[in-house]
Amino acid sequence: MMGCWILNESLSIILVLSWLGVNLYLFIDTFYWYEEEESFLYTRVMLGSTLAWARASAVCLNFNCMLILLPVSRNLISFLRGTSTCFRGPWRRQLDKNLKFHKLVAYGIVINATIHIVAHLFNLEHYHWSQSPEAEGLVAALSKLGDTPNETYLNPIRTFHTNTITELLTTIAGITGLLISLALILILTSSTEFIRQVSYELFWYTHHVFIIFFIGLAIHGAGRIVRGQTPESLLLHNVSFCRDHLEEWQARCPVPQFSGKEPSAWKWVLGPMVLYACERIIRFWRFQQEVIITKVVSHPSGVLELCMKKRDFKMAPGQYVLIQCPSISTLEWHPFTLTSAPQEDFFSVHIRAAGDWTEALCKAFGAEGQPLKEPWKLPRLAVDGPFGAALTDVFHYPVSMCIAAGIGVTPFAALLKSIWYQCCEAQTQCKLNKVYFYWICRDPGAFEWFADLLLSLETKMSEQGKAHFLSYHIFLTGWDENQAFHIALHWDENADVITGLRQKTFYGRPNWNHEFQQVAFSHPSSNIGVFFCGPKALSKILQRMCRLYSSADPRGVHFYYNRESF
């Protein structure tokens with residue numbers, strides 16, 4: 001069974017193929033231009049095809065550097081998601097894959113940068129060899145140009161005894177090239193999943209080396225090491241004839257004149273750099289806005305709840321904010337999903353101590369068993385956002401499956417609260433009429449605050465006669481023998497012994513084939529949104545389930561997969 005899921009994946013494939021196509025076109029077009037362009041004929045005599053390899057990879061490198069900042073421009077993504085009619089349905093879901101595209105473009109930068117560096121290393125060796133005693137004929141003559149007055153050089157290596165490494169490090173192109181390479185290595189190595197999990201701060205700081213990368217890239221071409229024959233010289237010095245009549249250069253062929261190619265990298269990266277500057281200006285403006293902390297709650301297992309107010313703050317379920325605490329770090333911003341509903345007169349986040357920064361924040365706000373501080377004694381917070389995320393589309397489907405694993409349950413707090421408000425307001429017309437909520441956790445004690453929220457929702461919906469609207473399934477994957485005995489002893493009680501909810505807790509991992517079969521059977525002709533926040537391994541399983549249980553018949557059931565990522 002397949003379905004309209006194919007449309008979503010097809011669009012992703014089309015976008016990736018379009019990106020690849022543009023890269024291939026730019027590479028091939030530039031490669032053949034430098035292989036055939038008359039003004040670079042003498043340069044090719046000296047360097048061979050590595051000239052074309054270096055220049056073609058440079059153009060692709062510039063193209064990818066132009067794109068790399070767009071997927072992580074949060075305000076731009078939120079604007080497109082919220083206001084543009086062009087981004088609806090499958091196209092809207094492509095915005096949720098912005099980080100995947102960011103990584104894909106980064107791979108393109110690494111590949112083209114590697115080709116560019118290797119090609120120029122060969123070019124340096126060719127330049128150096130052209131000054132050797134073994135060089136003769138046209139190559140030797142071209143290398144000696146520039147030794148006498150009224151001549152311009154083609155070979156930047158002026159003598160055979162010149163140290164190419166020293167020569168490289170005394171030029172603008174060489175210094176900036178080394179700077180760019182080191183910055184790229186730092187960014188690449190610190191972006192690995194292992195580094196991000198072990199030290200998010202290290203990833204955050206080193207990732208901002210991209211500013212040095214972009215500045216170096218913008219001025220890299222100013223050295224103009226790669227030189228070609230000037231247009232004026234081409235009119236007087238016909239290369240097709242003169243290349244074979246070296247002995248007549250003074251008589252019938254004027255000495256060719258050369259100049260460096262005008263740098264163009266800055267034209268590619270100027271737009272993204274301006275865009276990033278605007279992002280920083282917006283962030284600074286939001287940083288200056290006052291954030292009032294109305295309540296601080298210390299939950300069990302090191303979870304801190306912060307309730308805040310900010311002027312003109314408007315949110316939607318599933319959105320997230322970036323939070324900075326200047327007393328901890330004046331540079332670091334960390335993303336946190338909003339756990340309050342839009343209908344509430346405040347916005348809140350739940351923060352679990354899981355790193356140096358979050359531990360410092362919880363300590364600063366009196367969590368971890370410390371007495372809570374008075375509001376006027378609390379450290380200042382800056383809030384940037386809110387920004388859109390995949391979960392904001394839950395209400396666009398008649399049926400939604402919301403699946404959380406571990407701390408991934410946080411984004412669904414605001415959603416469930418908003419569902420409660422919309423269900424209880426008679427005047428509200430909601431397209432969503434059924435929610436299946438799945439929560440897979442190892443230790444429910446770490447998320448007692450969420451179990452309390454579920455209990456409150458269960459009670460309120462039952463009182464309103466809408467208990468059928470929300471179907472939740474909690475799966476506990478870790479327990480000991482004493483817990484198992486206690487669970488078995490109290491199984492027949494009305495409330496679950498672990499969560500206190502009427503819906504019993506399941507033990508072990510869900511059988512996703514069974515769960516998707518049941519949902520597909522219950523809603524045979526519906527579009528069902530599947531929303532997930534959790535690890536990649538489970539994400540791949542759910543994607544496969546969406547493909548498997550989507551009908552090939554347009555009138556059948558279709559599952560649309562959305563993963564929360566920020």
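Which residues form one aromatic cluster? In this predicted model, where local features need pLDDT of at least 70, side-chain atom pairs count only at pLDDT 80 or more, and totals for chains, interfaces and linings use all residues, the cluster is formed by Tyr-438, Trp-512, Phe-516, Tyr-549 and Phe-559. Residues are numbered from 1 along each chain as its sequence is written, and side-chain values use heavy atoms, with hydrogens and water left out.

The structure holds 23 aromatic pairs, a pair being two rings of Phe, Tyr or Trp (its six-membered ring) with centres within 6.5 Å, counted as stacked if the planes are under 30 degrees apart, as edge-to-face if over 60 and as tilted for the rest. The rings of Phe-63 and Trp-268 are edge-to-face, because their planes stand at 85°, with the centres 6.5 Å apart. Since Phe-63 belongs to helix α3 (residues 50-67) and Trp-268 to helix α15 (residues 265-288), this pair ties together parts that are 205 residues apart in sequence; helices here are DSSP runs (H or I, at least four residues), numbered from the N terminus. Phe-63 is buried, at a relative accessible area of 11%, whereas Trp-268 is partly exposed at 24% (buried means under 20% relative accessible area, exposed over 50%, and partly exposed in between, with a 1.4 Å probe and protein chains only). Phe-210 and Phe-214 also make an edge-to-face pair, with ring centres 6.0 Å apart and planes at 90°. Both of these residues lie in helix α12 (residues 210-220), where 4 residues, about one turn of the helix, separate them. Phe-210 is buried at 14% relative accessibility, and Phe-214 is buried at 4%.

Charged side chains also meet aromatic rings, a charge sitting over a ring if NZ of Lys or CZ of Arg is within 6 Å of the ring centre and within 35 degrees of the ring normal. The charged end of Arg-227 is placed over the ring of Tyr-153, 4.1 Å from its centre, and Lys-434 lies over the face of Tyr-436, at 5.1 Å from the ring centre.

The count of salt bridges (a side-chain nitrogen of Lys or Arg within 4 Å of a carboxyl oxygen of Asp or Glu) comes to 1. This salt bridge joins Arg-311 to Asp-312, with the closest N and O atoms 4.0 Å apart, and both Arg-311 and Asp-312 are exposed.

Terms used: Helices (H or I, at least four residues) and strands (E, at least two) are DSSP runs, numbered from the N terminus.
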